[in-house]
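Keep the sequence at hand.

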Amino acid sequence: MAIVDKVLPALPVPYAMTRPDRVPSPRYYDADFYAMECELLWPRVWQMACRLEEIPKPGDFVEYEILDQSIIVVRVDDSTVRAYHNACRHRGVQLVADRGSCPSGFTCPFHGWCWGLDGSNTFLYQPDLFDEGNRDPDDLMLRSCRVELWGGCAFINLDDDAPPLRECIEPFAAFHDVWKVESLRTEWWLSARLPVNWKLAMEAFMEGYHVMETHPQLMPAGIQRGSASVYRQDFGRGTSSQARMRRLAAAGTTVESKAFIDMQINSMRLLSEGMAGMTHAKDVAVAEGLRSLELPADPALASAQWLRHLYDGIAARDKALGVDSPDLHQITEEGLTSSVNFCFPHYFLLPSFSSASSYRIRPLGPEECLFDLWSLVRYPAGEEPPPPTTPVPMAPDDPRWPPIPKQDFSNLPRQQKGLHAKGFEYMRLSDKVEGMVGNYHRLIDGYLAGFSDEKLLPALQRVSGPIDDLVGDIGF
Ligand code: FES
Ligand SMILES: [Fe+2]
């Protein structure tokens with residue numbers, strides 16, 4: 001029986017997924033559904049809280065906010081990052097706001113109580129004014145929050161009993177270890193306040209099926225708008241441009257070297273101008289230096305040779321600069337070329353040659369969310385820019401947005417409104433390329449139903465990874 005025909009067992013969740021390819025629309029605006037997510041999902045999941053270059057020195061800290069919770073993420077030393085709930089143990093004042101540096105510890109702005117970076121209370125003004133029970137050192141320790149590091153980021157989890165980070169984010173983590181994402185640094189960081197449910201913002205990046213209409217400039221040359229079967233045949237999860245070239249070769253198509261190189265460079269340039277990290281101008285410059293190559297007429301051979309030269313050029317540049325970049329040949333051989341990858345519940349990485357983009361989406365209310373977007377590159381040691389600071393959220397139509405996210409954002413407010421339309425009961429997903437949307441919604445239902453970590457862990461690992469996924473069996 002096809003997975004889409006499988007009626008999912010009823011879960012005690014309002015507006016539950018009953019088919020993996022249909023998403024009931026109230027999940028994007030219903031206040032009770034949102035309240036259940038706040039209570040049952042967010043307190044149990046690993047969340048990317050900050051990039052480590054935000055806190056390079058001991059005492060550097062950032063505040064990570066999720067719903068009504070505020071967490072201090074602080075660097076203690078080169079290898080240690082700690083996280084604390086942001087509340088003075090005296091009368092609850094938040095100890096920090098946004099970010100800063102306090103190598104000698106935190107001081108409460110109300111009555112001046114102090115804590116060291118290890119969370120221990122170091123000063124209490126006139127302790128004899130307090131009953132012994134209210135100045136017990138163990139009780140005055142800042143309340144710790146789980147924090148683990150991966151991929152150049154600190155992740156926090158409000159659940160003390162959650163499985164370790166790494167287990168919860170495979171195969172996403174192993175995939176990006178080969179890409180050496182830990183050596184990427186922030187080149188720029190922008191954010192948007194979007195008038196849409198947080199899940200809607202995420203789903204705009206879970207399939208490439210929207211590229212034809214939303215980003216027409218990114219369609220390969222020669223493919224007409226709306227031509228039948230193009231998307232599934234050429235771009236679904238697990239396919240690659242190499243596979244497309246092999247199909248073209250099998251069909252007897254030939255390429256002319258100069259035109260082929262023009263096309264490759266043009267497509268790199270469009271991505272670069274569309275959003276920097278999606279293909280960095282530094283890598284476009286390497287490609288420009290290869291214009292005089294003579295490539296074979298067979299499209300598969302031409303593509304393989306082109307990539308070999310391009311990868312070698314990028315590697316030679318980075319080696320000369322002393323930059324720790326990934327082995328792009330190995331990445332291609334191992335088939336790890338998916339350009340957009342999701343990490344449940346709210347984080348994306350988009351590695352491309354020597355750079356990457358990254359997204360994080362947080363709920364601000366049933367129909368509002370905060371979208372962070374990083375452009376990431378590698379710098380020679382000692383040439384890294386100063387630590388990035390929190391961007392002021394922009395409107396989705398702000399002219400400062402690069403073209404590609406601007407195109408993505410243009411649909412979202414209209415979609416949020418459309419979901420309220422009478423008679424629009426559910427989204428109808430492709431089971432072949434929009435499967436990730438249905439899969440992660442079903443995983444959310446698992447959290448809302450209160451399933452155990454043992455039951456949720458295989459589902460987490462099934463959901464996180466390359467986008468353009470099939471509808472799949474996540475185990476419940
Ligand atoms: S509330 Fe923090 S010292 Fe009093
Ligand atoms: Fe897009």
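R362 stands opposite L370 in β16. Strands pair if DSSP finds at least two bridges between them. β15 and β16 form a hairpin, with two residues between them. Strands here are DSSP runs (E, at least two residues) and helices likewise (H or I, at least four), numbered from the N terminus.

This is a predicted model: local features need pLDDT of at least 70, side-chain atom pairs count only at pLDDT 80 or more, and totals for chains, interfaces and linings use all residues. Residues are numbered from 1 along each chain as its sequence is written, chains are lettered from A and ligands numbered from 1 in the order in which they are written, and side-chain values use heavy atoms, leaving out hydrogens and water.

Stay with β16 (residues 368-377). Nine of its ten residues are buried, so the strand is largely enclosed by the rest of the structure. Buried means under 20% relative accessible area, exposed over 50%, and partly exposed in between (1.4 Å probe, protein chains only). β16 also pairs with β12, in the antiparallel sense, over nine bridges. There, L194 stands opposite C369.

Now widen the view. Six strands make an open sheet in the order β12-β16-β15-β14-β13-β18, with antiparallel pairing. Its edge strands are β12 (185-194) and β18 (465-466), each pairing on one side only. β18 pairs antiparallel with strand β13 (residues 341-343) over two bridges. F342 stands opposite G465 in that pair.

Next come two helices. How do α1 and α14 cross? The axes of α1 (residues 31-41) and α14 (residues 435-448) come within 9 Å and cross at roughly 70°. Axes are lines fitted to C-alpha atoms, for helices over the stretch in contact, with angles from 0 to 180 degrees between N-to-C directions. That makes α1 roughly perpendicular to α14, a term for angles of 65 to 115 degrees. On the α1 side, F33, M36, E37, L40 and L41 meet I444, D445, Y447 and L448 of α14. Contact means heavy atoms within 4.5 Å.

The last stop is D453, in helix α15 (residues 453-463). Is D453 buried or exposed? At 17% relative accessibility, D453 counts as buried. Leaving aside neighbours within four places in sequence, D453 is in contact with R44, D159, D161, A162 and P163.

Notes:
Parallel < 35°, antiparallel > 145°, perpendicular 65-115°, else oblique.
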